[in-house]
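Reader: I am new to this one. Could you show me the structure and take my questions one at a time?

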Amino acid sequence: MLDEQETRSLVEKPLNNSKIVSETPKSPLGFQSLTLVPSKTDLCKAPLPNEEPPRRPRRGSALRQVLIALIANLGPVNTGMVFGFSAVAIPQLMSANSTIKIDSDQASWIASLSSLSTPLGCILGGYLMDLLGRRTTLLLLEVPLVAGWLLIATAGGVPQIYAGRLLVGLGSGLVGAPARVYTGEVSQPHLRGTLAALASVAVSLGVLIEYGGGAATEWPVLAGLSAALPLAAFLLTALLLPETPAWLLTQGKKDKARTALHRLRADTCDVERELADLEAFRANIANLKSSAGPTAPPPKQHSIIKSLFEPAALKPFSILVIYFLIYQFSGVNSITFYAVEVFRESAEGIDDYLATVALGVVRLLFTILACGLLRRCGRRPLTFISSIGCGVTMLGLGTYMYLAKEAKEAGLAPPPSWIPVLCIFG
(Lines give C-alpha, C1' and ligand atoms only; values in the text may rest on other atoms or scores of the structure.)
Protein backbone atom coordinates (compact mmCIF):
# COMPACT_ATOMS: atom_id res chain seq x y z
CA MET A 1 0.00 0.00 0.00
CA LEU A 2 1.37 3.44 -1.01
CA ASP A 3 1.23 6.17 1.56
CA GLU A 4 0.26 9.76 0.75
CA GLN A 5 3.84 10.94 0.15
CA GLU A 6 4.59 8.14 -2.35
CA THR A 7 1.32 8.81 -4.15
CA ARG A 8 2.17 12.46 -4.50
CA SER A 9 5.68 11.67 -5.87
CA LEU A 10 4.31 9.29 -8.52
CA VAL A 11 1.73 11.79 -9.66
CA GLU A 12 4.07 14.76 -9.74
CA LYS A 13 6.89 12.93 -11.58
CA PRO A 14 5.45 13.06 -15.15
CA LEU A 15 4.12 16.58 -14.72
CA ASN A 16 6.79 18.31 -12.71
CA ASN A 17 5.16 21.73 -12.94
CA SER A 18 1.54 20.60 -12.30
CA LYS A 19 -0.27 21.81 -9.21
CA ILE A 20 -2.67 19.93 -6.91
CA VAL A 21 -5.71 22.20 -6.69
CA SER A 22 -8.01 19.90 -4.69
CA GLU A 23 -7.98 16.59 -2.86
CA THR A 24 -10.73 14.50 -1.28
CA PRO A 25 -10.64 13.10 2.24
CA LYS A 26 -9.23 9.63 2.64
CA SER A 27 -11.63 6.77 2.28
CA PRO A 28 -11.89 4.09 4.93
CA LEU A 29 -9.56 1.93 2.84
CA GLY A 30 -6.92 4.68 2.74
CA PHE A 31 -7.43 5.94 -0.85
CA GLN A 32 -7.46 9.60 -1.68
CA SER A 33 -8.42 11.43 -4.92
CA LEU A 34 -6.17 14.25 -6.24
CA THR A 35 -7.14 16.85 -8.86
CA LEU A 36 -4.18 18.07 -11.01
CA VAL A 37 -3.95 21.14 -13.28
CA PRO A 38 -1.01 21.01 -15.79
CA SER A 39 1.17 24.09 -16.00
CA LYS A 40 1.67 26.13 -19.19
CA THR A 41 5.06 24.49 -19.67
CA ASP A 42 3.56 21.00 -19.64
CA LEU A 43 0.79 22.07 -22.01
CA CYS A 44 3.38 23.44 -24.49
CA LYS A 45 5.48 20.30 -24.33
CA ALA A 46 2.63 17.85 -24.65
CA PRO A 47 2.03 16.98 -28.36
CA LEU A 48 -1.43 17.27 -29.78
CA PRO A 49 -3.08 14.00 -30.85
CA ASN A 50 -2.96 14.75 -34.62
CA GLU A 51 0.13 16.93 -34.64
CA GLU A 52 2.90 16.02 -37.16
CA PRO A 53 6.54 16.13 -36.05
CA PRO A 54 8.36 19.31 -37.16
CA ARG A 55 9.91 19.07 -40.63
CA ARG A 56 13.51 19.84 -41.38
CA PRO A 57 14.27 22.81 -43.65
CA ARG A 58 14.35 22.16 -47.38
CA ARG A 59 17.49 24.21 -47.93
CA GLY A 60 20.77 22.46 -47.29
CA SER A 61 24.13 23.88 -46.33
CA ALA A 62 24.94 26.72 -48.72
CA LEU A 63 28.63 26.54 -47.78
CA ARG A 64 28.89 22.90 -48.82
CA GLN A 65 27.21 23.52 -52.14
CA VAL A 66 29.45 26.51 -52.90
CA LEU A 67 32.65 24.61 -52.03
CA ILE A 68 31.62 21.59 -54.10
CA ALA A 69 30.75 23.84 -57.06
CA LEU A 70 34.14 25.57 -56.78
CA ILE A 71 35.93 22.21 -56.97
CA ALA A 72 33.82 21.10 -59.93
CA ASN A 73 34.66 24.33 -61.77
CA LEU A 74 38.43 23.95 -61.48
CA GLY A 75 38.18 22.38 -64.94
CA PRO A 76 36.90 25.59 -66.60
CA VAL A 77 39.77 27.45 -64.90
CA ASN A 78 42.10 25.16 -66.81
CA THR A 79 40.18 25.95 -70.01
CA GLY A 80 41.00 29.62 -69.54
CA MET A 81 44.63 28.69 -68.94
CA VAL A 82 44.71 26.83 -72.25
CA PHE A 83 43.32 29.95 -73.96
CA GLY A 84 45.80 32.31 -72.37
CA PHE A 85 48.97 30.21 -72.66
CA SER A 86 49.65 30.89 -76.33
CA ALA A 87 49.43 34.65 -75.78
CA VAL A 88 52.46 34.65 -73.48
CA ALA A 89 54.34 31.64 -74.90
CA ILE A 90 54.46 32.65 -78.58
CA PRO A 91 56.40 35.92 -78.06
CA GLN A 92 58.96 34.02 -75.95
CA LEU A 93 59.29 31.26 -78.53
CA MET A 94 59.78 33.82 -81.32
CA SER A 95 62.43 35.77 -79.39
CA ALA A 96 66.07 35.62 -80.44
CA ASN A 97 67.24 33.79 -77.30
CA SER A 98 64.60 31.02 -77.46
CA THR A 99 65.93 27.47 -77.34
CA ILE A 100 63.12 26.37 -79.69
CA LYS A 101 62.85 28.54 -82.79
CA ILE A 102 59.47 28.99 -84.46
CA ASP A 103 58.19 31.07 -87.35
CA SER A 104 54.84 32.79 -87.75
CA ASP A 105 53.18 29.72 -89.29
CA GLN A 106 54.26 27.51 -86.40
CA ALA A 107 53.09 30.15 -83.94
CA SER A 108 49.68 30.09 -85.57
CA TRP A 109 49.51 26.31 -85.19
CA ILE A 110 50.52 26.49 -81.54
CA ALA A 111 47.72 28.95 -80.86
CA SER A 112 45.02 27.14 -82.84
CA LEU A 113 45.69 23.42 -82.31
CA SER A 114 43.94 23.39 -78.95
CA SER A 115 40.78 24.66 -80.67
CA LEU A 116 41.05 21.83 -83.20
CA SER A 117 40.65 19.08 -80.59
CA THR A 118 38.17 20.92 -78.35
CA PRO A 119 35.02 20.00 -80.39
CA LEU A 120 35.93 16.32 -80.17
CA GLY A 121 36.25 16.68 -76.40
CA CYS A 122 32.85 18.39 -76.18
CA ILE A 123 31.11 15.52 -77.97
CA LEU A 124 32.99 12.88 -76.01
CA GLY A 125 32.36 14.61 -72.67
CA GLY A 126 28.61 14.66 -73.19
CA TYR A 127 28.58 10.97 -74.02
CA LEU A 128 30.83 9.91 -71.13
CA MET A 129 28.97 11.83 -68.42
CA ASP A 130 25.76 9.94 -69.25
CA LEU A 131 27.52 6.60 -69.58
CA LEU A 132 29.94 6.72 -66.64
CA GLY A 133 28.54 9.47 -64.46
CA ARG A 134 29.38 13.12 -63.91
CA ARG A 135 31.99 12.56 -61.19
CA THR A 136 33.83 9.82 -63.08
CA THR A 137 33.99 12.00 -66.19
CA LEU A 138 35.37 14.90 -64.14
CA LEU A 139 38.12 12.55 -62.97
CA LEU A 140 38.94 11.15 -66.42
CA LEU A 141 39.19 14.52 -68.15
CA GLU A 142 42.06 15.57 -65.91
CA VAL A 143 44.31 12.90 -67.45
CA PRO A 144 44.81 14.53 -70.90
CA LEU A 145 45.16 17.94 -69.21
CA VAL A 146 48.00 16.81 -66.95
CA ALA A 147 49.67 14.88 -69.78
CA GLY A 148 49.37 17.80 -72.20
CA TRP A 149 50.84 20.39 -69.84
CA LEU A 150 53.74 18.11 -68.89
CA LEU A 151 54.42 17.37 -72.56
CA ILE A 152 54.64 21.10 -73.29
CA ALA A 153 56.82 21.74 -70.22
CA THR A 154 59.35 19.07 -71.25
CA ALA A 155 59.18 19.78 -75.01
CA GLY A 156 62.44 19.60 -76.90
CA GLY A 157 60.91 20.67 -80.19
CA VAL A 158 57.83 22.04 -81.89
CA PRO A 159 56.11 18.63 -82.48
CA GLN A 160 55.94 18.02 -78.73
CA ILE A 161 54.33 21.42 -78.22
CA TYR A 162 51.83 20.58 -80.94
CA ALA A 163 50.96 17.27 -79.24
CA GLY A 164 50.64 18.96 -75.86
CA ARG A 165 48.31 21.64 -77.23
CA LEU A 166 46.11 18.97 -78.81
CA LEU A 167 45.85 17.14 -75.48
CA VAL A 168 45.00 20.21 -73.40
CA GLY A 169 42.46 21.23 -76.03
CA LEU A 170 40.85 17.80 -75.78
CA GLY A 171 40.69 18.14 -72.00
CA SER A 172 39.17 21.60 -72.28
CA GLY A 173 36.41 20.23 -74.48
CA LEU A 174 35.79 17.30 -72.14
CA VAL A 175 35.28 19.55 -69.12
CA GLY A 176 32.69 21.85 -70.70
CA ALA A 177 29.47 19.87 -70.23
CA PRO A 178 30.29 17.74 -67.14
CA ALA A 179 31.33 20.70 -64.97
CA ARG A 180 28.16 22.66 -65.76
CA VAL A 181 25.82 19.68 -65.47
CA TYR A 182 27.42 18.56 -62.21
CA THR A 183 27.07 22.05 -60.72
CA GLY A 184 23.43 22.24 -61.75
CA GLU A 185 22.53 18.80 -60.38
CA VAL A 186 24.19 19.15 -56.96
CA SER A 187 22.96 22.69 -56.21
CA GLN A 188 19.50 23.68 -55.01
CA PRO A 189 17.30 26.14 -56.97
CA HIS A 190 18.06 29.19 -54.80
CA LEU A 191 21.81 28.79 -55.51
CA ARG A 192 21.75 27.16 -58.95
CA GLY A 193 21.73 30.32 -61.07
CA THR A 194 24.64 31.90 -59.21
CA LEU A 195 26.73 28.73 -59.11
CA ALA A 196 26.09 28.00 -62.79
CA ALA A 197 27.77 31.31 -63.63
CA LEU A 198 30.98 30.11 -61.98
CA ALA A 199 32.10 28.46 -65.24
CA SER A 200 32.37 31.81 -67.07
CA VAL A 201 34.19 33.39 -64.14
CA ALA A 202 36.51 30.38 -63.98
CA VAL A 203 37.52 30.72 -67.64
CA SER A 204 38.38 34.40 -67.17
CA LEU A 205 40.34 33.55 -64.03
CA GLY A 206 42.35 30.94 -65.92
CA VAL A 207 43.21 33.46 -68.64
CA LEU A 208 44.42 35.92 -65.99
CA ILE A 209 46.55 33.23 -64.31
CA GLU A 210 48.38 32.51 -67.56
CA TYR A 211 48.84 36.19 -68.38
CA GLY A 212 50.30 36.85 -64.95
CA GLY A 213 52.48 33.74 -65.03
CA GLY A 214 53.79 34.54 -68.50
CA ALA A 215 54.82 38.00 -67.35
CA ALA A 216 56.75 36.52 -64.41
CA THR A 217 58.37 33.36 -65.78
CA GLU A 218 59.36 31.40 -68.91
CA TRP A 219 56.87 29.30 -70.86
CA PRO A 220 58.26 25.81 -69.88
CA VAL A 221 58.01 26.70 -66.18
CA LEU A 222 54.52 28.12 -66.72
CA ALA A 223 53.39 24.93 -68.46
CA GLY A 224 54.77 22.80 -65.63
CA LEU A 225 53.02 24.92 -63.02
CA SER A 226 49.80 24.74 -65.05
CA ALA A 227 49.85 20.94 -64.72
CA ALA A 228 49.40 21.35 -60.95
CA LEU A 229 45.83 22.61 -61.34
CA PRO A 230 44.29 19.54 -63.08
CA LEU A 231 46.27 17.34 -60.72
CA ALA A 232 44.82 19.15 -57.71
CA ALA A 233 41.36 19.01 -59.29
CA PHE A 234 41.72 15.23 -59.70
CA LEU A 235 42.64 14.72 -56.04
CA LEU A 236 39.93 17.02 -54.69
CA THR A 237 37.28 15.45 -56.90
CA ALA A 238 38.29 11.94 -55.86
CA LEU A 239 38.31 12.78 -52.15
CA LEU A 240 35.47 15.26 -51.70
CA LEU A 241 32.94 15.15 -54.54
CA PRO A 242 30.09 12.61 -54.53
CA GLU A 243 28.23 11.50 -57.64
CA THR A 244 25.12 13.53 -58.40
CA PRO A 245 21.90 12.09 -56.87
CA ALA A 246 20.03 12.65 -60.15
CA TRP A 247 22.41 10.40 -62.11
CA LEU A 248 22.43 7.76 -59.37
CA LEU A 249 18.63 7.57 -59.49
CA THR A 250 18.73 7.00 -63.25
CA GLN A 251 20.92 3.98 -62.50
CA GLY A 252 18.48 2.67 -59.87
CA LYS A 253 20.88 3.38 -56.96
CA LYS A 254 18.50 5.03 -54.49
CA ASP A 255 20.54 4.30 -51.36
CA LYS A 256 23.65 5.83 -52.90
CA ALA A 257 21.60 8.83 -54.02
CA ARG A 258 20.41 9.32 -50.42
CA THR A 259 24.00 9.11 -49.16
CA ALA A 260 25.13 11.64 -51.77
CA LEU A 261 22.36 14.03 -50.72
CA HIS A 262 23.46 13.79 -47.10
CA ARG A 263 27.00 14.72 -48.14
CA LEU A 264 25.76 17.60 -50.27
CA ARG A 265 23.15 19.08 -47.92
CA ALA A 266 24.36 18.21 -44.38
CA ASP A 267 22.12 16.60 -41.75
CA THR A 268 19.97 19.68 -41.16
CA CYS A 269 18.20 19.35 -44.51
CA ASP A 270 15.11 17.30 -45.30
CA VAL A 271 16.94 14.85 -47.54
CA GLU A 272 14.05 12.40 -47.82
CA ARG A 273 11.75 15.11 -49.16
CA GLU A 274 14.26 16.19 -51.81
CA LEU A 275 14.88 12.58 -52.75
CA ALA A 276 11.13 12.09 -53.19
CA ASP A 277 11.00 15.18 -55.43
CA LEU A 278 13.80 13.79 -57.60
CA GLU A 279 12.04 10.45 -57.89
CA ALA A 280 8.77 12.17 -58.82
CA PHE A 281 10.52 14.18 -61.51
CA ARG A 282 12.14 11.05 -62.90
CA ALA A 283 8.75 9.29 -62.87
CA ASN A 284 7.20 12.15 -64.83
CA ILE A 285 9.91 11.88 -67.46
CA ALA A 286 9.31 8.14 -67.69
CA ASN A 287 5.57 8.71 -68.10
CA LEU A 288 6.17 11.17 -70.91
CA LYS A 289 8.42 8.69 -72.68
CA SER A 290 5.83 5.91 -72.33
CA SER A 291 2.89 8.07 -73.42
CA ALA A 292 3.32 6.79 -76.96
CA GLY A 293 2.47 3.31 -75.73
CA PRO A 294 4.20 0.50 -73.85
CA THR A 295 5.22 -1.22 -77.08
CA ALA A 296 6.44 1.90 -78.87
CA PRO A 297 9.84 1.25 -80.49
CA PRO A 298 12.82 3.42 -79.54
CA PRO A 299 13.30 6.46 -81.77
CA LYS A 300 15.50 5.89 -84.77
CA GLN A 301 18.41 8.09 -85.76
CA HIS A 302 16.60 9.74 -88.68
CA SER A 303 13.58 10.56 -86.49
CA ILE A 304 15.83 12.25 -83.95
CA ILE A 305 17.46 14.35 -86.67
CA LYS A 306 14.04 15.15 -88.12
CA SER A 307 12.81 16.39 -84.74
CA LEU A 308 15.63 18.97 -84.71
CA PHE A 309 14.02 20.71 -87.69
CA GLU A 310 10.61 21.03 -86.09
CA PRO A 311 9.63 24.61 -85.11
CA ALA A 312 9.75 23.83 -81.38
CA ALA A 313 13.43 22.89 -81.66
CA LEU A 314 14.58 24.85 -84.71
CA LYS A 315 13.88 28.31 -83.32
CA PRO A 316 15.85 28.00 -80.04
CA PHE A 317 18.60 26.10 -81.88
CA SER A 318 18.90 28.92 -84.43
CA ILE A 319 19.05 31.53 -81.67
CA LEU A 320 21.88 29.62 -79.99
CA VAL A 321 23.81 29.25 -83.26
CA ILE A 322 23.50 32.98 -83.97
CA TYR A 323 24.50 33.80 -80.41
CA PHE A 324 27.67 31.71 -80.58
CA LEU A 325 28.55 33.03 -84.05
CA ILE A 326 28.37 36.55 -82.64
CA TYR A 327 30.57 35.47 -79.76
CA GLN A 328 33.21 33.88 -81.99
CA PHE A 329 33.25 36.71 -84.54
CA SER A 330 33.49 39.34 -81.81
CA GLY A 331 37.25 38.79 -81.84
CA VAL A 332 37.47 37.63 -78.24
CA ASN A 333 39.49 34.49 -79.04
CA SER A 334 41.87 36.32 -81.38
CA ILE A 335 42.66 38.84 -78.67
CA THR A 336 42.88 36.17 -75.97
CA PHE A 337 45.24 33.89 -77.95
CA TYR A 338 47.52 36.69 -79.23
CA ALA A 339 47.16 39.42 -76.58
CA VAL A 340 50.87 40.18 -76.17
CA GLU A 341 51.47 40.30 -79.93
CA VAL A 342 48.43 42.52 -80.47
CA PHE A 343 49.62 45.03 -77.88
CA ARG A 344 53.17 44.88 -79.23
CA GLU A 345 52.14 45.65 -82.81
CA SER A 346 49.34 48.14 -82.17
CA ALA A 347 50.27 50.10 -79.05
CA GLU A 348 53.78 51.50 -78.91
CA GLY A 349 55.32 52.89 -75.76
CA ILE A 350 53.60 50.54 -73.29
CA ASP A 351 54.70 47.34 -71.56
CA ASP A 352 52.94 44.65 -73.60
CA TYR A 353 53.00 42.04 -70.81
CA LEU A 354 51.72 44.53 -68.23
CA ALA A 355 48.94 45.58 -70.61
CA THR A 356 48.06 41.91 -71.13
CA VAL A 357 47.78 41.32 -67.38
CA ALA A 358 45.60 44.43 -67.08
CA LEU A 359 43.40 43.06 -69.87
CA GLY A 360 42.98 39.81 -67.95
CA VAL A 361 41.98 41.71 -64.80
CA VAL A 362 39.39 43.77 -66.71
CA ARG A 363 37.98 40.64 -68.35
CA LEU A 364 37.61 38.90 -64.98
CA LEU A 365 35.97 41.88 -63.28
CA PHE A 366 33.46 42.43 -66.06
CA THR A 367 32.64 38.71 -66.21
CA ILE A 368 31.75 38.84 -62.52
CA LEU A 369 29.75 42.02 -63.12
CA ALA A 370 27.86 40.44 -66.04
CA CYS A 371 26.98 37.40 -63.92
CA GLY A 372 25.54 39.71 -61.30
CA LEU A 373 23.55 41.70 -63.87
CA LEU A 374 22.01 38.62 -65.47
CA ARG A 375 19.34 38.34 -62.78
CA ARG A 376 18.63 42.06 -62.71
CA CYS A 377 18.73 42.99 -66.42
CA GLY A 378 18.14 39.68 -68.18
CA ARG A 379 20.05 37.94 -70.96
CA ARG A 380 18.60 39.78 -73.96
CA PRO A 381 19.69 43.38 -73.10
CA LEU A 382 23.18 42.23 -72.11
CA THR A 383 23.50 40.29 -75.36
CA PHE A 384 22.68 43.38 -77.44
CA ILE A 385 25.02 45.61 -75.43
CA SER A 386 27.88 43.08 -75.65
CA SER A 387 27.40 42.42 -79.38
CA ILE A 388 27.27 46.08 -80.35
CA GLY A 389 30.18 46.93 -78.08
CA CYS A 390 32.39 44.15 -79.46
CA GLY A 391 31.53 45.09 -83.06
CA VAL A 392 32.34 48.78 -82.58
CA THR A 393 35.61 48.16 -80.72
CA MET A 394 36.85 45.52 -83.19
CA LEU A 395 36.02 47.82 -86.09
CA GLY A 396 37.93 50.62 -84.38
CA LEU A 397 40.95 48.38 -83.74
CA GLY A 398 41.04 47.13 -87.33
CA THR A 399 40.77 50.67 -88.67
CA TYR A 400 43.58 51.84 -86.41
CA MET A 401 45.93 49.02 -87.42
CA TYR A 402 45.24 49.68 -91.12
CA LEU A 403 45.90 53.41 -90.76
CA ALA A 404 49.01 52.76 -88.67
CA LYS A 405 50.39 50.48 -91.38
CA GLU A 406 49.66 53.06 -94.10
CA ALA A 407 51.25 55.82 -92.04
CA LYS A 408 54.38 53.74 -91.44
CA GLU A 409 54.81 53.02 -95.15
CA ALA A 410 54.31 56.69 -95.99
CA GLY A 411 56.76 57.82 -93.30
CA LEU A 412 54.07 59.65 -91.34
CA ALA A 413 53.42 59.72 -87.62
CA PRO A 414 51.09 56.90 -86.51
CA PRO A 415 47.73 57.64 -84.89
CA PRO A 416 47.66 58.01 -81.07
CA SER A 417 48.57 54.76 -79.31
CA TRP A 418 45.77 55.07 -76.75
CA ILE A 419 43.19 54.26 -79.45
CA PRO A 420 44.02 50.53 -79.80
CA VAL A 421 44.33 50.17 -76.03
CA LEU A 422 40.87 51.65 -75.61
CA CYS A 423 39.45 49.36 -78.31
CA ILE A 424 41.01 46.22 -76.85
CA PHE A 425 39.90 46.96 -73.31
CA GLY A 426 36.45 47.88 -74.58
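This is a predicted model: local features need pLDDT of at least 70, side-chain atom pairs count only at pLDDT 80 or more; totals for chains, interfaces and linings use all residues.

Reader: How many helices and strands does the chain have?
Author: Helices (H or I, at least four residues) and strands (E, at least two) are DSSP runs, numbered from the N terminus. By that rule the chain has 22 helices and two strands.

Reader: What percentage of the residues is buried?
Author: Buried means under 20% relative accessible area, exposed means over 50%, and partly exposed lies in between (1.4 Å probe, protein chains only). The chain has 426 residues, and the buried part of them is 36%.

Reader: Among contacts between residues at least 6 apart in sequence, what share joins residues at least 24 apart?
Author: Contact means heavy atoms within 4.5 Å. Of the contacts between residues at least 6 apart, the share that joins residues at least 24 apart is 72%.

Reader: How are the rings of Phe-85 and Trp-149 arranged?
Author: Rings of Phe, Tyr and Trp (its six-membered ring) pair if their centres lie within 6.5 Å; planes under 30 degrees apart count as stacked, over 60 as edge-to-face and the rest as tilted. The count comes to three aromatic pairs. For Phe-85 and Trp-149, the centres are 5.4 Å apart and the planes at 80°, so the pair is edge-to-face.

Reader: How many residues apart are Phe-85 and Trp-149?
Author: Both are buried: Phe-85 has a relative accessible area of 1%, and Trp-149 has 0%. Phe-85 sits in helix 4 and Trp-149 in helix 7 (residues 142-153), so the pair links distant parts of the chain.

Reader: Is Phe-425 buried or partly exposed?
Author: Phe-425 pairs with Phe-343 in a tilted arrangement, 6.0 Å centre to centre and 50° between the planes. Phe-343 lies in helix 19 (residues 339-346) and Phe-425 in helix 22 (residues 418-425), so the pair ties together parts 82 residues apart in sequence. Phe-343 is buried at 1% relative accessibility. At 26%, Phe-425 counts as partly exposed.

Reader: Where does Asn-78 lie, and which residues is it in contact with?
Author: Asn-78 lies in helix 4 (residues 74-93). Asn-78 is buried because its relative accessible area is 1%. Leaving aside neighbours within four places in sequence, Asn-78 is in contact with Leu-145, Trp-149, Ser-226, Leu-229 and Pro-230.

Reader: Is Glu-274 buried or exposed?
Author: Glu-274 is found in helix 15 (residues 271-289). Beyond four places in sequence, Glu-274 is in contact with Gln-188, Leu-261, Arg-265 and Cys-269. Its relative accessible area is 13%, so Glu-274 counts as buried.

Reader: Is Trp-109 buried or partly exposed?
Author: Trp-109 is found in helix 5 (residues 104-131). Its C-alpha atom is separated by 9.3 Å from that of Arg-165, 56 residues apart along the chain. Relative accessibility is 47%, so Trp-109 counts as partly exposed.

Reader: How far apart in space are Ala-89 and Ile-110?
Author: Ala-89 lies in helix 4 and counts as buried at 0% relative accessibility. Ala-89 and Ile-110 are 21 residues apart in sequence. C-alpha to C-alpha, the distance is 9.2 Å.

Notes
Residues are numbered from 1 along each chain as its sequence is written. Side-chain values use heavy atoms; hydrogens and water are left out.
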